[in-house]
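Me: I'm new to this one. Can you put it up and walk me through the helices?
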Amino acid sequence: MAPSRPTVLELLEAVQEFLEKRIVKVVDSHRAFHTRVAINVLALVRRELQLGPGFASEEQGRLRSLLGIEGGVPELNDELCRRLRNGELDDREGDLFRHLFETTMAQLSIDNPEYSGYRKALEESVGAGG
C-alpha cells in the first residue's frame with residue numbers, strides 16, 4: 001500500500017512549523033515557553049519515527065551477536081542484564097562497551113541531538129575512527 005499524503009512525518013513538520021513561525025511570536029512569554037516545549041516534543045517524535053526502527057534493528061543485531069541467542073530487544077536486554085549481574089560477560093568487555101556506547105548514542109540522537117555531551121562524544125568517536 002502506497003503511503004498516503006501528507007505522511008505522518010509531513011503532518012508533524014507542518015504543525016511544528018506553524019507553532020514556530022506563527023504562534024511563538026504572538027503569545028505571551030508563558031505560553032511561548034509551553035509552545036516551545038510542544039515544538040521540541042514534535043521534533044523528538046519525528047526523529048523517533050524516522051530513526052527509531054533502524055536503531056532498534058541495529059541494537060537487536062548487536063545483542064544477538066553479543067549474547068549468541070535470538071529474541072526481541074526487550075528479551076535480549078533482560079538476558080544482557082542477567083549475564084552482567086552474574087559476571088558472564090567479563091571476557092567481552094570491548095564488545096559490551098561498543099554495544100552500550102552505540103545504543104546510548106542512538107538514543108541521544110533521537111532525544112536531543114544538540115546536547116553538548118552527545119556532540120562531543122560524536123566528534124571524539126569520529127576522530128577515533130569509530
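Reply: Here is a short tour of some helices and their contacts. This is a predicted model, where local features need pLDDT of at least 70, side-chain atom pairs count only at pLDDT 80 or more, and totals for chains, interfaces and linings use all residues. Residues are numbered from 1 along each chain as its sequence is written, and side-chain values use heavy atoms, leaving out hydrogens and water.

Me: At what angle do H2 and H3 pack?
Reply: Helix H2 (residues 29–67) and helix H3 (residues 73–85) pack at about 40 degrees, with axes 10 Å apart.

Me: Which residues of H2 and H3 meet?
Reply: On H2, they include Ala56, Leu63 and Leu67; on H3, they include Val73, Leu76 and Leu80. Contact means heavy atoms within 4.5 Å. The residues of this contact divide into seven nonpolar, two polar and four charged. Here Ala, Val, Leu, Ile, Met, Phe, Trp, Tyr, Cys and Pro count as nonpolar, Asp, Glu, Lys and Arg as charged, and the others as polar.

Me: New topic. Which residues are buried in H4?
Reply: Leu96, His99, Met105, Ala106, Ser109 and Ile110. Buried means under 20% relative accessible area (1.4 Å probe, protein chains only), exposed over 50%, and partly exposed in between.

Me: What do the buried residues of H4 pack against?
Reply: H2, H3 and helix H5 (116–127).

Me: And where does Leu11 lie?
Reply: Leu11 is in helix H1 (residues 8–23). Leu11 counts as partly exposed because its relative accessibility is 44%. Leu11 and Arg46 are 35 residues apart in sequence and 9.8 Å apart in space, C-alpha to C-alpha.

Note on methods. Axes are lines fitted to C-alpha atoms, for helices over the stretch in contact, and angles run from 0 to 180 degrees between N-to-C directions. Helices (H or I, at least four residues) and strands (E, at least two) are DSSP runs, numbered from the N terminus.
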